[in-house]
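Hello,

Here is the structure we talked about passing on. Please open it first, then read the notes below.

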Amino acid sequence: MKFKNPFSTLTKFEWGLWAASSLIVILSHLLSPQRDILSVIASLIGATALIFVAKGHVLGQMLTIVFAIFYGVISFQFQYYGEVITYVCMSAPMALLATIAWIKNPYQQSEEVAVNHLSARVIGCLIGLTVAVTIAFYFILGALGTANLLVSTISVTTSFLAASLTFLRSPYYALAYAANDIVLIILWILASITDISYLCMIICFVMFLANDLYGFINWRRMEKRQSEGSMQ
């Protein structure tokens, strides 16, 4: 895999999406009566990670690891233990594995990862693991006294599915993350009722939702282009 300045690979639309996402995060921070610098840093790192994951660039996975650590700290402060466990103990390690997998599987020695096509067997195993993880974490999070238990459990489910599909290099990782974004928007709305400073996290995941939807569109383009290229 060849490496160069990753920002030089962004299209005008991607530059605009990244800049708009970053500007929205900063403005929401400035307008918040209680400013949480960790939320801002996490959101900016997350926005940058998403734009590169959407391009199939390994930098996105590296930044995801950093985002997961920051987000875990923020979640711990609000007793969202499900989010702490999910991002620090699952998403960060999965992003590390995905980094290795993406480096090992470039598309024709480029910076772009090769899109993978999942077999029925892999899909079946993934569904089974997701169900098992959901049931296990419902009881684990309940025992820890996690706030908003049901929503937190659903967040674990969608996060596990999204992280797994990212590792497997499937375009459908983006739809799983989009579902997770919706869950997290609800989760942080509930948190903001108690502490308005978490408004930044709501805006963060609204922005993430837009980026993940773009990610799905772009990965399907990548999939089509790579398929056509392999036929030539």
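How many disulfides does a search of the whole structure find? The search finds 0, where a disulfide is a pair of cysteine sulfur atoms within 2.5 Å. Cysteine 89 is exposed, at 55% relative accessibility. Cysteine 125 is partly exposed, at 46%. On these terms, buried means under 20% relative accessible area, exposed means over 50%, and partly exposed lies in between (1.4 Å probe, protein chains only).

Two notes on the source. This is a predicted model, in which local features need pLDDT of at least 70, side-chain atom pairs count only at pLDDT 80 or more, and totals for chains, interfaces and linings use all residues. Residues are numbered from 1 along each chain as its sequence is written, and side-chain values use heavy atoms, with hydrogens and water left out.

Salt bridges next. The structure holds 3, each a side-chain nitrogen of Lys or Arg within 4 Å of a carboxyl oxygen of Asp or Glu.

- Lysine 55 pairs with glutamate 14 at 3.0 Å, N to O. Lysine 55 sits in the loop between H2 and H3 and glutamate 14 in helix H1, so the bridge ties together parts 41 residues apart in sequence. Lysine 55 is buried at 15%, and glutamate 14 is buried at 1%.
- Arginine 225 pairs with glutamate 112, also at 3.0 Å, N to O. Arginine 225 is in helix H8 and glutamate 112 in the loop between H4 and helix H5 (120–143), so this pair ties together parts 113 residues apart in sequence. Arginine 225 is partly exposed at 40%, while glutamate 112 is buried at 14%.
- Glutamate 223 pairs with arginine 220, with the closest N and O atoms 2.9 Å apart. Both lie in helix H8, 3 residues apart, about one turn of the helix.

Helices here are DSSP runs (H or I, at least four residues), numbered from the N terminus.

A cavity is a set of points on a 1 Å grid over the protein atoms alone where a 1.4 Å probe fits but cannot get out; lining residues have an atom within 4 Å of a point. The lining has 22 residues, with Leu50, Thr64, Phe67, Tyr87 and Tyr177 nearest the centre. H4 gives the largest share, 5 residues.

Best wishes

Conventions: 1 Å grid on protein atoms, 1.4 Å probe; cavity = no way out; pocket = protein on both sides within 12 Å on 5 of 7 lines; lining within 4 Å. Helix = DSSP H or I, 4+ residues; strand = E, 2+ residues; numbered from the N terminus.
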